[in-house]
Structures are given as structure tokens and as C-alpha cells.
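Hello,

Here is the structure for your files.

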Amino acid sequence: MTRIFKITVLALTVLVGFGINAQTRDLDNFRQPDQRGVNVFEAPKDTVSTFNGVKVRVGGSSTLQFQAIDHENSGAVALKEIGSNFNLATANLDLDVALYDGVRMHLRTYLSSRHHPEPYVKGGYFQIDKLDFISEGFLSGFMKNATIKIGHMENNYGDAHFRRSDNAQTIYNPFIGNLIMDAFTTEVGAELYYRKNGFIGMVGFTNGKLNQAVDNPDTGGASFLAKLGYDKQFNDDFRFRLTGSIYNTGAVRTSYLYSADRAGSRYYLVLEDENATTKNNFRSGRYNPALNNEITAIMFNPFVKYKGLEFFGTIETATGKANAETDDRTANQFAGELIYRFGQTENFFLGARYNKVDAEDASGDDIEISRFQLGAGWFMTKNILMKLEYVSQKHDGYNATSIFNDGKFNGLMAEAVISF
């Protein structure tokens with residue numbers, strides 16, 4: 001709590017230091033952190049500027065779950081005894097700053113998370129939509145459609161990461177858990193976007209490292225990512241989006257694409273052993289294919305919305321290996337979400353998601369994990385969301401000595417979200 005207090009004081013000091021009007025809420029080319037940000041992917045690109053001096057927007061989110069889940073396996077490895085109770089509340093602090101006309105900064109700090117009860121910085125970036133800081137009108141024809149992002153940031157591989165829960169920022173996610181293979185990483189790099197007439201293209205490079213340090217200088221390696229797609233609102237009722245993405249690492253010390261999220265899974269302590277703790281076993285319910293040193297991952301995401309009915313899909317394949325392995329392995333993931341939003345402002349929704357992973361596991365097993373989620377939600381206001389979910393997950397193909405042999409869990413989750 002002392003650290004949270006210090007960070008809050010620091011944020012208020014920033015406000016006072018810049019002489020900012022606390023009622024200044026919206027920024028240019030900015031994804032809103034409330035209901036208005038639902039079904040927004042990349043931050044919007046708008047040629048209209050409202051910049052009239054440095055603006056600091058202090059925002060945040062807080063999330064609390066109630067968990068009532070049972071789990072079981074073959075009995076080869078004893079499972080942690082779990083019951084029904086509230087989980088640790090999570091919280092984020094966001095700073096978004098308009099620094100110059102067309103230049104914005106974002107910084108997110110996890111005040112409390114499953115793996116780190118103490119605050120730590122998730123990451124941040126500069127977003128550049130104009131180059132007027134070089135000279136007025138510099139490359140304005142190109143920058144009318146282009147965006148540059150630079151930072152130690154959440155890298156834009158696939159579209160699923162725009163709908164996932166990011167610690168306490170869960171208002172974009174119609175469900176409570178993320179995908180089984182949760183593609184998410186924060187690496188130092190840069191991304192260049194170009195959007196025109198509904199088409200979107202992006203290329204980016206990172207240094208392939210989650211944790212940055214000058215030691216072990218020979219263990220680095222570049223990662224390449226790219227996205228190509230089409231996103232069009234054809235009329236008031238119908239929107240269509242389709243993207244394909246790639247993330248490639250030729251050789252790095254450790255690839256974190258499916259293990260970088262230190263905020264942790266929403267399904268606490270499921271299929272964990274008797275000595276497990278919430279903090280140390282924070283990825284429960286997820287699957288990491290452990291392609292630790294070389295990886296090529298490809299993801300396709302269709303999104304269709306007609307009036308209140310929407311579909312979002314994920315087709316993903318990841319191939320690679322660890323240094324100790326001689327042959328590549330492959331993990332495939334498929335997911336489909338069907339959501340129906342209704343009410344005067346689409347403030348209610350019902351939804352279902354089916355998610356399946358089949359993979360050549362590092363243990364040598366050909367495994368399969370399947371999950372079904374049935375959810376409902378109510379936006380009490382644009383900043384407050386209540387969610388309820390039934391979840392059922394099964395593990396098949398694991399050898400008789402594995403804790404996941406005949407492993408499964410199911411039950412109910414409830415989640416309350418505040419985001420502003």
C-alpha cells in the first residue's frame with residue numbers, strides 16, 4: 001500500500017507540475033479505456049488535431065473476481081485443494097500524455113497483479129502521428145495515413161491481444177479468461193503502420209527480450225513482426241475486419257511470446273500441485289508450447305459485426321524449438337467467439353467461446369486442450385462492467401505421470417470491472 005500511495009502522489013505531482021486541467025479527458029488518436037473502446041483494435045487514426053498544449057490524462061482500472069471452480073485429474077499427481085472465494089483485487093495506473101501536436105506517450109503500471117502484489121511498470125511507448133516537431137508539415141502526405149510507435153511496449157502480434165484482459169484492464173474482454181495459448185509480449189522495438197481506405201499494414205522489429213539488461217551481450221536477437229489486413233465499417237449495421245499477423249525470432253536466449261504475461265491467469269490454482277502458490281504458479285489454465293529459442297508464429301483473425309451480433313475468430317500456428325532440441329515442434333490454436341450485444345447502448349451482452357489447442361509438447365506427448373466459456377455482461381455505466389462466466393476445460397494426451405493426465409476443471413467466475 002505504501003508503494004501504491006507513492007505512485008498516486010507522483011501522478012498528482014505530475015498533474016500539478018504541468019498545470020493540467022483535471023477535466024481534460026480525451027486525447028487525439030486514443031483508444032478509450034471504457035465501453036467506447038470495445039471492438040477498437042489499433043488506436044484510431046484521425047487527421048483532426050485538438051492539441052493546444054501538453055495534456056496529461058491519468059486513468060486506471062480495478063478488477064475483482066469471485067471464483068467457484070472444481071478441478072480433478074487421474075490422481076498420478078495430487079492437486080492443490082481449492083474452494084470458492086474472492087481472488088486478489090488487481091489494479092492498473094495509466095498515464096497518457098499529449099506531448100506535441102501528433103505525439104503522444106502511454107505508460108501503464110500494474111499496481112497489483114497476481115504474480116506481483118507490488119507495483120511495477122508493464123511498459124510504455126511514444127505514438128507519432130505527425131512529424132511537425134521536425135518542421136511544420138514534414139512528410140504530411142505520408143503521415144496522413146501513417147503511425148509510428150516506439151517503446152518497451154505490448155507488441156502488435158495478432159488481434160486477440162486487443163480483446164484480452166491486461167491485468168486489471170478487462171473491460172474489452174467479453175469473457176473472464178484469455179486464450180489458452182495467450183500470445184502477449186512486451187519487447188523494446190518500433191512499429192510502422194500505414195492505413196488507407198480500410199487497408200492496414202504494419203511492420204515492426206524488436207530486440208527479442210522481455211527483460212532488458214546490458215549483461216549477457218551475446219544472447220540477444222531481433223524479432224520481426226508484421227500485420228496485413230482490412231477493416232471497414234460498410235454502414236451503420238455492418239462491419240468486417242480480417243487480419244493476418246506474423247512474429248518471427250531466428251534465435252534468442254529465451255522467447256516469451258506465450259509466457260510474458262506476469263499478471264497471471266484468471267483461473268487461480270487450477271490443475272496445480274499441492275505446493276503451488278498464487279504468486280509462483282500464476283499461469284494456471286494456460287499452455288506455453290515452450291518454443292524457447294526459435295519461433296515463427298502466424299495468426300489470422302476474422303471479425304464480423306452485424307447490428308448487435310458479432311463473431312471474432314483466431315486461427316494460429318506456432319513452430320520452433322528450444323536449443324536442446326534438434327527438430328521443430330508445432331502448436332496450433334483455434335478459437336471462436338459469438339457475442340450478442342443488446343440494450344439501448346449495447347450495455348448488455350451474452351456470449352460463448354470455444355478454444356482448442358493441439359500441440360507436440362516438449363515432453364514428447366501429442367496433447368490437446370479444449371475450453372468452453374459461456375458468459376454474460378452488463379455495463380452499469382460506460383466505466384463499470386459486471387461479468388459472469390461458466391468455464392469448462394479438458395486436457396487429453398498427457399502421459400500417465402503428468403499432473404495434466406485426464407485433467408479438467410469447471411465452474412463459475414464473476415468479475416467486476418472499473419475502468420476510466
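Predicted model: local features only at pLDDT ≥ 70, side-chain atom pairs only at ≥ 80, totals over all residues.

Residues are numbered from 1 along each chain as its sequence is written, and side-chain values use heavy atoms, with hydrogens and water left out.

A cavity here is a set of points, on a 1 Å grid over the protein atoms alone, where a 1.4 Å probe fits but cannot get out; lining residues have an atom within 4 Å of a point. Points are joined across faces, edges and corners, and volume is the space filled by probe spheres set on them. Counted this way, there are seven cavities of 30 Å³ or more.

Largest cavity

Its volume is about 610 Å³. The lining has 33 residues, and Arg31, His106, Tyr125, Glu154 and Phe162 are the closest to the centre. Strands (DSSP E runs of at least two residues, numbered from the N terminus) S1, S3, S4, S5, S6 and S7 each give at least two lining residues. S5 (120–128) has the largest share, with five. The lining divides into ten nonpolar (Ala, Val, Leu, Ile, Met, Phe, Trp, Tyr, Cys, Pro), 13 charged (Asp, Glu, Lys, Arg) and ten polar residues (the others, Gly among them).

Second largest cavity

This cavity holds about 130 Å³. Of its 14 lining residues, Asp28, Ala98, Gly102, Val103 and Arg104 lie nearest the centre. Strands S3 and S4 each supply at least two of the lining residues. By class, five are nonpolar, four polar and five charged.

Regards

How values were computed:
1 Å grid on protein atoms, 1.4 Å probe; cavity = no way out; pocket = protein on both sides within 12 Å on 5 of 7 lines; lining within 4 Å. Helix = DSSP H or I, 4+ residues; strand = E, 2+ residues; numbered from the N terminus.
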